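Open the model in your viewer and keep the selection panel at hand.

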Amino acid sequence: MRTAATYQNAKVWPALPVTILVMSFALPPEVSISLGSLRLSPYRITLIVMLVPAINLLTQNRKAPAGLIDGLMAGHGLWAALSLMLTMGVADGIESGGIYFIETFGAYLLARAYVRTYEDFVAVTRLIFTVAASLLAFAIIESFSGAHILREPFKAVFGGPGPHVIEPRLGLTRAFTSFEHPILFGVFSASAFAGTYFILVNGEINSKTAKKLAVVAMATFFSLSGGPFTALALQMGLIGWDRATAGVANRWSIFLALMAGAWLVLTLLSNRSPVLVFISYLTFSANSAYNRVHIWNYGTAEVARHPMIGIGLNDWIRAPWMSSSMDNFWLLTTVRYGLPALIFLAAAVWLVGWKQAQDTQLDLPLKNARKAWIITILSFVLAGLTVHFWNALMVHFFFLIGCGMAITTARQSQPAMQQKQSILPQPREQLSWT
């Protein structure tokens, strides 16, 4: 009988390129070298070096050959690069578009090439948790002391702007740790929650396993940002539904019906679209909510003016008192690169989840891995309505999309031999995806 514990014991860490990439997220942006106007951070260097080997591995993968999803992900990066060349000029477009392609499709491709099996997926989950837990120590000191003990020393050695000043919240300094903004650190930390619950603690909640979940929650908390809180709350809510409806037939269809009903009620009773309602309430303060509503209104107007190729990195039309920051990943992607770029990306993410849902004969560990991935990606989708993903966090997001492909083909790589029983705790039977 195959068990989660058996797989967990099979591999401690992912392949070396994956380990280097994820661990590079714990290095501050000051750890970079410049080649003219091009900034090469550790994760960019990793992606550039591994691009050709990853392509070679994918072309040789007979069990999970390249297909439509890979084409959509490549299409997203290529369309964005084309948009930048058309809007910014060929020279600037090639430089900016090339980096964007590396950070998006390159990150996806690295996961696609080196994260192939359930064991690989478990190893990645463990590594992400380890990085988030390590950053928690810095976040605690940062929040209570106000000293950025991770970025400031690297700034002294490598130079760079260092962390900018942000107004405290709840009497605490918002923790940057190794990221450019506390929001990015918070979303990264929150992304470890579902994987920790479904895979690392096997769906069990007790005094021992709760400590790991608390580590992720605490790391998210010290970002003191609404977007990460929303991502974490969504994961907790979906896990709560999974536990509460154990044994209920068609429980996820019921859940989708309830969400559709809520959407319909908001459409009928509110003078704003449901998207605007969600954006308004998924923020930390009234001022942030007010600003994000205006971002949505001006941003969608920009999309209507430039629907196909966007405006590139050019400035967008907005009220004079608004900043240039567009805190909405999905909207900014469309504004910059056009609707086709959004459609390519959204279709690819949806197809990965759809392919996972088609196989109803999965072993219980694989069912839990599937739920971990889907819930994590949904938290990114929701957080992306109030947060823009850039640099390391954007790479992390596209890397996770690639990791999801491993779950769609995991049954093909499962060993035929009978797995040995493990004495470690088994995942809860009621967590099956039904």
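Which residues make a nonpolar surface patch of about 350 Å²? Select Leu82, Leu86, Met308 and Ile309: together these make the patch. The model is predicted, with pLDDT of at least 70 needed for local features and 80 or more for side-chain atom pairs, while totals for chains, interfaces and linings use all residues. Numbering runs from 1 along each chain as its sequence is written, and side-chain values use heavy atoms, without hydrogens and water.

Stay on Leu86, in helix α4 (residues 68-88). Leu86 counts as exposed because its relative accessibility is 55%, the class starting over 50% with a 1.4 Å probe and protein chains only.

Next, go inside. The structure holds two cavities of 30 Å³ or more; a cavity is a set of points on a 1 Å grid where a 1.4 Å probe fits but cannot get out, and lining residues have an atom within 4 Å of a point.

Select Phe121, Thr125, Ser191, Thr376 and Leu400, which lie nearest the centre of the largest cavity among its 13 lining residues. Its volume is about 140 Å³. Helices α6 (118-145), α17 (364-383) and α18 (392-408) each supply at least two lining residues.

Finally, select Leu27, Pro28, Pro29, Tyr43 and Ala392, nearest the centre of the second largest cavity, which 14 residues line. This cavity has about 80 Å³ of space.

Notes:
Patch = residues over 30% accessible without salt bridge, like charges linked within 9 Å, V, L, I, M, F, W, Y side chains within 5 Å. Areas by Shrake-Rupley, 256 points an atom, 1.4 Å probe, with all protein chains shown as cover. Salt bridge = Lys/Arg side-chain N within 4 Å of Asp/Glu carboxyl O. Helix = DSSP H or I, 4+ residues; strand = E, 2+ residues; numbered from the N terminus. Buried < 20%, exposed > 50% of the residue type's maximum accessible area, 1.4 Å probe, protein only. 1 Å grid on protein atoms, 1.4 Å probe; cavity = no way out; pocket = protein on both sides within 12 Å on 5 of 7 lines; lining within 4 Å. Points joined across faces, edges and corners; volume = space filled by probe spheres on them.
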